[in-house]
Amino acid sequence: MMDQTDNRTSSRRPWAEFGIEALIQVVGFSSIGLVVLIFLFLIREGVPVFFEVPLGNLFGTRWYPTFDLFGTLPLLLGSVLVTAIAMVIALPLGMATAIFVREVAPGWAREVLKPMIEVLAGIPSVVLGFFGMTLIAPVVRETLGVPTGLTAFTGALILAYMALPTIISVAEDALDAVPKSYRDAGLAMGATQWQTIWRVVVPAARSGIVMAMMLGMGRAIGETMAVMLVTGNAARLPLSLDSLFRPVRTMTATVAAEMGEVAQGSTHYHALFGIGIILFLLTFLINLAAASTIFKKRRRGGLR
Amino acid sequence: MRFIFRHFSCALRAFHRVLRISPLPDGGLFSFSSLISRLAIGLSLLSLIWMPVACRPRQANPVDGASAAARTIENKGSDTLVNLALAWAEAYMGRYPDVRISVTGGGSGTGIAALINGTVDLANASRAMKPEEVAAAEANGISPVEFTVARDAIAVVVHPSNPVDRLTLRQISDIYTGKITNWSQVGGQDRPIVLLSRESNSGTYVYLLENVIRLGDKESDLLFSPDTLLMPSSEGISAEVRQNPNSIGYDGLGYVTADQKVVAVARDVDGPYVLPSVETVNDDSYPISRPLYVYTAGEPTGAVEEYLKWILDEGQTLVSELGFVPLR
């Protein structure tokens, strides 16, 4: 009995292997193909706007698409402002948490904290957005004394919270990859635990930490639902100092809010895809920066 | 095999029916909610159709199918009305399965043009036909008949604690264009005004802009202040109005909930300040309201007449569900 089955599987193996290999290849290439197709679609639908709308209008300061004013500048700056502030909030918190979890916390605490942080990543963004709109926005309005709680700052808070799990787990992995011998050497030289962490471990994991930041930023800039609910969506130019505590409109929220009712093939429709292209280029640059830090790490022949 | 095939063709027919009531010819495909609802309808219809009973009457009586094809009502026009027209069509077809109603949007002008060209039975319009449109129709041998099917009123809302309870149209215009930025300028407390609006693609946004902000002046190029917060939903507006004493918002009267304070509106400083209600909207004393029309090509007869009768009678119960004001 046993021999028979063994024979059968062994005689089938080359075929099975071939089939599985082909399948994996098809799946792998199709994902590349899909990305290319999405990009081509984005170009096809978005590029016409650069011909239909004069550039002065397109990069102007007024976004009133129903009245043929397609100024994307407030939206672009709105996205950049919210994302930048979210990073300013999330990075120190994320780094501190990662260092605590990896270097300071006792083993049992790490076992509890790691899965908890990963659960944070699974909270749907619409839930966070609703939470921000009904609970955080009133608090922001009352404590800061601003006219409305639906501000860039509220959006940045929510985004920071959403980017934290990514930042923490990637940074924690980077710290984890630092060989134990580095720490031992630091301590053997008479450095305290804090000095070892700050002067030896963190610099050694620097490229991983930069990547954590980039990934967190990519997460934040592409986020739509939560941002749409809490930032107020006023397409004003965020240039003055108090802009952080005033409403802003991001690119993602604009596309999400307006795509539903726009007439297909109209200038407005192309403008929304044009925003998609700008957003794509922005995230592409961020990913490129993240990738280049990894390559740099490899070239240096450093850790891992 | 034949059994399966029969049900498959039946399902196809049902799908065809669902697709025929697509709300918008362009962009309709991208309307997420309509896509979802269409899918949901499609799926629920499919599940119904797979029960053998659902198809039997049609199979047994082909004459019935033929007469159904004859009673198709084409309905086109205003995007403001399209969801209501769709709700009416669905409810009516549910009740009278032998009538087919095809609803498309595109705007009041599109619907009226189609009526003039004789390609639709009913044209939905959120404005009255212009004299030149009536003349064009009569030149084609069509005399349009106007029916008021519902009314659309916009309520202006503030936080319940806000002492301001009356505003003129001019004041609302100045508030929304950013000329008035503090509640004390209109008799309230010393607080900044936070402007709330629906998204720019909503019919309510356009109506408020044209009739309140621009005060009906076609030459005006006033726009909402760039500081206006564009909320993705009625719920977004009511949530902010409920919790923020600085805010002012507006929405279709049917969407206003009890925990917001509705402001009385006057046409000018001397005019009476009127709160919106079914009565004040219908007697035209509330300034921010408009009738919604359906036009027929000549006096309606047959299926169209029955459908219009139903809209003006039982159909009125659906009107308030969609945020409009019923005729009584």
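The legends below describe close-up views of a predicted two-chain model.

Residues are numbered from 1 along each chain as its sequence is written, chains are lettered from A, and ligands are numbered from 1, in the order in which they are written. Because the model is predicted, local features need pLDDT of at least 70 and side-chain atom pairs count only at pLDDT 80 or more, while totals for chains, interfaces and linings use all residues.

**View 1. Confidence along chain A.**
The predictor's confidence in each residue is given as pLDDT, from 0 to 100. Chain A has a mean pLDDT of 88. Of its residues, 93% reach 70 or more. Helices (H or I, at least four residues) and strands (E, at least two) are DSSP runs, numbered from the N terminus. Among the elements of chain A, helix H1 (residues 2-46) has the lowest mean pLDDT, 81. The highest, 94, belongs to helix H4 (residues 73-104). Over residues 1-5 of chain A, pLDDT stays under 50. Two residues are in contact if their C-beta atoms, placed from the backbone, lie within 7 Å. For residues 1-5 of chain A the model has zero contacts beyond four places in sequence.

**View 2. H4(A) against H7(A).**
Two packed helices are described by the angle between their axes and the distance between the axes. Axes are lines fitted to C-alpha atoms, for helices over the stretch in contact, and angles run from 0 to 180 degrees between N-to-C directions. H4(A) packs on helix H7 (residues 152-176) of chain A at about 35°. Their axes lie 6 Å apart. The crossing of H4(A) and H7(A) is right-handed. A crossing counts as right-handed if the near helix is turned clockwise from the far one by less than a right angle, and left-handed if anticlockwise. The contact of H4(A) with H7(A) has 24 nonpolar, four polar and four charged residues. Here Ala, Val, Leu, Ile, Met, Phe, Trp, Tyr, Cys and Pro count as nonpolar, Asp, Glu, Lys and Arg as charged, and the others, Gly among them, as polar.

**View 3. H6(A) across H7(A).**
Helix H6 (residues 125-144) of chain A and H7(A) cross at roughly 135°. Their axes come within 10 Å. That angle makes H6(A) oblique to H7(A). Angles under 35 degrees count as roughly parallel, over 145 as roughly antiparallel, 65 to 115 as roughly perpendicular and the rest as oblique. The crossing of H6(A) and H7(A) is right-handed. Residues of H6(A) in the contact include A:Gly129, A:Gly132 and A:Ile136. Among those they meet in H7(A) are A:Phe153, A:Leu157 and A:Tyr161. By class, this contact has nine nonpolar, four polar and no charged residues.

Chain B has 13 helices and eleven strands. Of its 328 residues, 38% count as buried. A residue is buried if 20 or more other C-beta atoms, placed from the backbone, lie within 10 Å of its own, exposed if 12 or fewer, and partly exposed in between. Seven of the nine residues of helix H6 (residues 108-116) of chain B are buried, so this helix is largely enclosed by the rest of the structure. Among the buried residues are B:Ile112, B:Leu115 and B:Ile116. The buried residues of H6(B) pack against several elements of chain B, including strand E1 (72-77), strand E4 (144-158) and strand E11 (289-297). B:Gly118 follows H6(B), with a positive phi near 75°.

**View 4. Where chain B touches chain A.**
The contact takes 25 residues from chain B and 29 residues from chain A. On the side of chain B, strand E7 (229-231) and helix H10 (234-243) are the elements that give two or more residues. H10(B) gives the most, with three. The chain B side divides into twelve nonpolar, nine polar and four charged residues.

**View 5. B:Leu209 in H9(B).**
B:Leu209 is found in helix H9 (residues 203-213) of chain B. This leucine has 21 C-beta neighbours inside 10 Å and so counts as buried. Leaving aside neighbours within four places in sequence, B:Leu209 is in contact with B:Arg214 and B:Phe224.

**View 6. Two loop residues with positive phi.**
Most residues other than glycine have a negative phi. A:Asp68 has a positive phi of about 60°. A:Asp68 sits in the loop between strand E1 (63-64) and strand E2 (69-70) of chain A. With 12 C-beta neighbours inside 10 Å, A:Asp68 counts as exposed. B:Leu215 also has a positive phi, of about 50°. B:Leu215 is in the loop between H9 and E7 of chain B. With 14 C-beta neighbours inside 10 Å, B:Leu215 counts as partly exposed.
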